[in-house]
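Here are my notes on the charged pairs and one surface patch. Please read them with the structure open.

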Amino acid sequence: AGASLSREAQAHDPPSAHTQRIAHSLPGHYLRPSQKMGTLIQRFTVASAMILAVQCQPQFMEYIERRLSSFEDRIAVWYDQTQRYSSEYRGFKNQILALVESLDKEKEEQRSNLEIATSRIERLERELDYLENRNPAPTCLEMEEKIINQSAETAQEKKKRKQKVTECAEMVFNIKAMKIVKRLESAVGLWTKDLMSDSEKVYIFDGVSNDTIYEFKRLKDFTDFSGLVKGKKIKLPHSWAGTGHIVYRGFLYYIRSEPQFQVIKFDLKNQTVSDSGMFPAERQIPVYGLSPYNYIDLAADENGLWAIYATRENEKHICLARLDHRTLDIEQMWDTPCPIANAENAFVICGTLYVVYNSKLRSRSRVQCVYDVTEMVNTDQAPLLYFPKRFGSVASIKYNPKEKQLYSWDDGNQIIYRLTMKLKSEL
């Protein structure tokens, strides 16, 4: 009985470690039924997966091959497009390089042609100057003497010509170089005569600011001696500024810039200030873009005294005013269409403003804007006027109504220009 109880206890007790090892080495002999069923399911699942993998392998490989083939086709298309684009880019690059090279050659050719043309023009100007200077016209002839010397005109034609000048219905048709009178060291300055008198005196403003001017008894005294040694010094009570001054009917009208812009009327005979007046324009700016030292430029013609100026209110265009030479009062003012930019100087003839322009590179000076206060002529109708000489920059131009000539200071050269006139009604 004890032995049977012992066997039953062993039968219900869990297997020993040794028994478990044997069970692992001999599966199924000592496992429980539930354990056996789980093991069989696992083995069946693995076997099924292996069978499915073997069955699906050809289809999977075909799919992979199709994808790879598609990738290869796309790569081939991309490669062809890249080659074509690269070829087109190289062709375009070669075309651009060829075009740039062609443009460079044309540029050099045009530059060479321009240099040749410039040298020819300069040579022609020198030849014309030589021909004109061989028989220079007198610099101080009265209008009637000019008419007599130039005449092949009848008495009736002379009378008509005088009447036309008196009526002041003429304008400049051509500018001719008369002669280079002298050259001074100062690139900027002013030289003039008394614009409405029979005096032979010549007045020199050397530089852009000073309190002294030089007076010569006649033109010969100025030209025959070097520098200003023969000139009589006239010391003014106030310093002048710029090159916009004139001598008119025995009086010097000059611009004083400090403390404010003033027009000073100075009696040259008595050496005293006859009158002065504040210029009424406010917030003034340089009147010429290429001559920043000029804020007011005084001029005279057959009609009287004029002031050329500019203000910030009309900062892009030149203004013109007519002055009473006795009282310095402003009689009338005009806003002209003439631009300040690249303007070099200006002068007034018969109530018409002629503005001289140049470029920053300094080429030939030219009249590019004309403003007639009587509105008989405009810029489009006026002839294109070029100054025949070119030195550098025109510092001042003064018109002499009695001689019909321009007195110019061009890069240190004192030059007289002869004018050809024409009736405004004939333009």
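**Notes on charged pairs and a surface patch**

1. Arg 326 is exposed, at 53% relative accessibility. The model is predicted, as for every point below. The side chain of Arg 326 forms a salt bridge with Asp 324, 3.7 Å from N to O. Asp 324 counts as buried, at 14%.

2. The structure holds 14 salt bridges. Some share partners: Lys 193, Glu 200 and Glu 403 are joined into one network.

3. Lys 398 and Asp 297 meet in a salt bridge at 2.8 Å, N to O. Lys 398 lies in strand β18 and Asp 297 in strand β10, so the pair ties together parts 101 residues apart in sequence. Lys 398 is buried, with a relative accessible area of 2%. Asp 297 is buried too, at 1%.

4. Lys 404 and Glu 302 form a salt bridge at 2.5 Å, N to O. Lys 404 sits in the loop between β18 and β19, and Glu 302 in the loop between β10 and β11, so this pair links parts 102 residues apart in sequence. Lys 404 is buried at 5%, whereas Glu 302 is partly exposed at 22%.

5. Asp 267, in strand β8, is buried yet has no salt bridge. The nearest side chain of opposite charge, Lys 269, is 7.5 Å away. The side chain of Asp 267 does reach the backbone nitrogen of Lys 269, at 2.9 Å. Asp 267 also touches residues including Phe 251 and Thr 272.

6. A nonpolar surface patch has about 950 Å² of accessible area together; among its members are Phe 60, Phe 71 and Trp 78. Phe 71 lies in helix α3, residues 33-134. Phe 71 is partly exposed, at 38%.

How values were computed: Residues numbered from 1 in each chain as written. Predicted model: local features only at pLDDT ≥ 70, side-chain atom pairs only at ≥ 80, totals over all residues. Heavy atoms only, no water. Helix = DSSP H or I, 4+ residues; strand = E, 2+ residues; numbered from the N terminus. Buried < 20%, exposed > 50% of the residue type's maximum accessible area, 1.4 Å probe, protein only. Lys, Arg positive; Asp, Glu negative; His and termini not counted. Salt bridge = Lys/Arg side-chain N within 4 Å of Asp/Glu carboxyl O. Polar contact = N/O pair within 3.5 Å; in protein donor to acceptor, adjacent residues only side chain to side chain. Contact = heavy atoms within 4.5 Å. Patch = residues over 30% accessible without salt bridge, like charges linked within 9 Å, V, L, I, M, F, W, Y side chains within 5 Å. Areas by Shrake-Rupley, 256 points an atom, 1.4 Å probe, with all protein chains shown as cover. Lists of a residue's contacts leave out its neighbours within four places in sequence.
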